[in-house]
Amino acid sequence: MIRPITQIVRGMPATDGSGVNLRRILGTEDMDYLDPFLLLDEFKSDNPDDYIGGFPDHPHRGFETVTYLMHGKFKHRDSRGNEGVLTPGSVQWMTAGRGIIHSEMPEMSDGLLWGFQLWVNLPKEMKMIEPHYQNIPADRIPEVNADGSRIRIISGEYGDINGPAKTRIPVVYFDVHLVEMSTFAHPLPSEMSGFCYLYEGKAEFGPQGDTRMGREGQMMVLGDGESVRIRSGKKTARFLFLAARPLNEPIARGGPFVMNTESEVRQAFLDYGNGTFDK
């Protein structure tokens, strides 16, 4: 059974970090979260004023951040001694766990900076695990060509090919490029929630006879079923495909902290304030 589209969400302009202008797709009034996904931002600009301030030192606890860079360069540095430069096509998968302080700053003063940041929640028993960092260069991410289209597999499985990201919970993260008049079809277990974010072009989503048209800048929420079907039109279409099993746990959010209870969020702020946060 092919999954229908139950909701189409339009990304909204937002500002984060030190004045970075971006488009917030998930984590808005229209769609607060889609368990276990907490946030999805797209940053894209060739105007340095929109991104030069970057994301200076800031803390996280209780979830994972995933940065996928399309164009430009970003330098990561954190309180655990990890450091690296994200280049086009690469991914940084950071498990904040019990607490980490990090920064993401542009390694460029002009040109196009374009990428995505995703937040993935952690289950209760993993919220206070030791932080972990994965830097995945572009040449480690496998690509599959199918009928002239290209699928980059960041995590999860496509056929017998596995993505390189080691995830705490099973997460499917593909970057799909469809040529004109082509179809992406993929099985997706019924117990997993999922969505697609169309970042270029337009495409039809859902089963024949019940399709909905998605356009650039829109997130398509997948309904019940066991597979997905997306078809491009007379032009190419590019989208992120994400899916995971819901945690079905309480969510308490406080800025950069995501826990299960408000008292745990308050404790995170106390730990950060007294200097024991990332010890």
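D271 is in contact with R61, T276 and F277, leaving aside its neighbours within four places in sequence. Contact means heavy atoms within 4.5 Å. This is a predicted model, in which local features need pLDDT of at least 70 and side-chain atom pairs count only at pLDDT 80 or more, while totals for chains, interfaces and linings use all residues. Residues are numbered from 1 along each chain as its sequence is written, and side-chain values use heavy atoms, with hydrogens and water left out.

**Helix α1**

- D271 sits in helix α1, which covers residues 262–274. Helices here are DSSP runs of H or I with at least four residues, strands are runs of E with at least two, and both are numbered from the N terminus.
- D271 counts as buried because its relative accessibility is 12%. Buried means under 20% relative accessible area, exposed means over 50%, and partly exposed lies in between, using a 1.4 Å probe and protein chains only.
- V265, A268 and D271 are the buried residues of α1. Seen down the axis of α1, these buried residues fall within an arc of 120°, so they line one face of the helix. The arc is taken from the directions from the helix axis to the C-beta atoms.
- R266, L270 and G273 are exposed on the other side of α1.
- The cover over the buried residues of α1 includes β25 (252–254) and β26 (257–259).
- With 13 residues, α1 reaches 19 Å from its first C-alpha to its last, close to the 18 Å expected at 1.5 Å a residue. That expected span is 1.5 Å times one less than the number of residues.
- G275 follows α1 and has a positive phi, near 85°.

- Strand β9 spans residues 91–95, and five of its five residues are buried.
- Both faces of β9 are covered. V91, W93 and T95 are buried on one side, and Q92 and M94 on the other.
- β9 pairs with strand β6 (residues 63–71) in the antiparallel sense over five bridges. Two strands pair if DSSP finds at least two bridges between them.
- β9 also pairs with strand β12 (residues 132–136), antiparallel and over five bridges.
- Q92 takes part in both pairings: T67 has Q92 as its bridge partner in β9, and Q92 has N135 as its bridge partner in β12.

- Strands β20 (residues 202–205) and β21 (residues 212–215) run antiparallel and are joined by four bridges.
- E204 has M213 as its bridge partner in β21.
- Six residues lie between β20 and β21 in this hairpin, and G206 in the turn has a positive phi of about 110°.

**Prolines in loops**

- P123 lies in the loop between β11 (113–121) and β12. P123 counts as buried because its relative accessibility is 6%.
- P123 touches I169, L247 and E249, not counting residues up to four places away in sequence.
- P123 and S90 are 33 residues apart along the chain, and their C-alpha atoms are separated by 26 Å.
- P88 is in the loop between β8 (83–86) and β9. At 41% relative accessibility, P88 counts as partly exposed.
- P88 touches L69, M70, H71, G72 and A138, again not counting residues up to four places away in sequence.
- P88 and L113 are 25 residues apart along the chain, with 9.4 Å between their C-alpha atoms.

**Backbone points to check**

- Most residues other than glycine have a negative phi, and most peptide bonds are trans.
- The D35 to P36 peptide bond is cis, with omega near 5°. P36 is in the loop between β3 (20–26) and β4 (37–45).
- M181 has a positive phi, near 55°. M181 lies in the loop between β17 and β18 and is partly exposed, at 47% relative accessible area.
- N248 has a positive phi, near 55°. N248 lies in the loop between β24 (237–244) and β25 and counts as exposed, at 68% relative accessibility.

**Largest pocket**

- The largest pocket has a volume of about 290 Å³. Of its 17 lining residues, G156, E157, P170, V172 and M192 are the closest to its centre.
- A pocket is an open set of points, on a 1 Å grid over the protein atoms alone, where a 1.4 Å probe fits, with protein on both sides within 12 Å along at least five of seven lines; lining residues have an atom within 4 Å of a point. Grid points are joined across faces, edges and corners, and the volume is the space filled by probe spheres set on them.
- β17 (171–178) and β18 (183–187) each supply at least two residues of the lining of the largest pocket.
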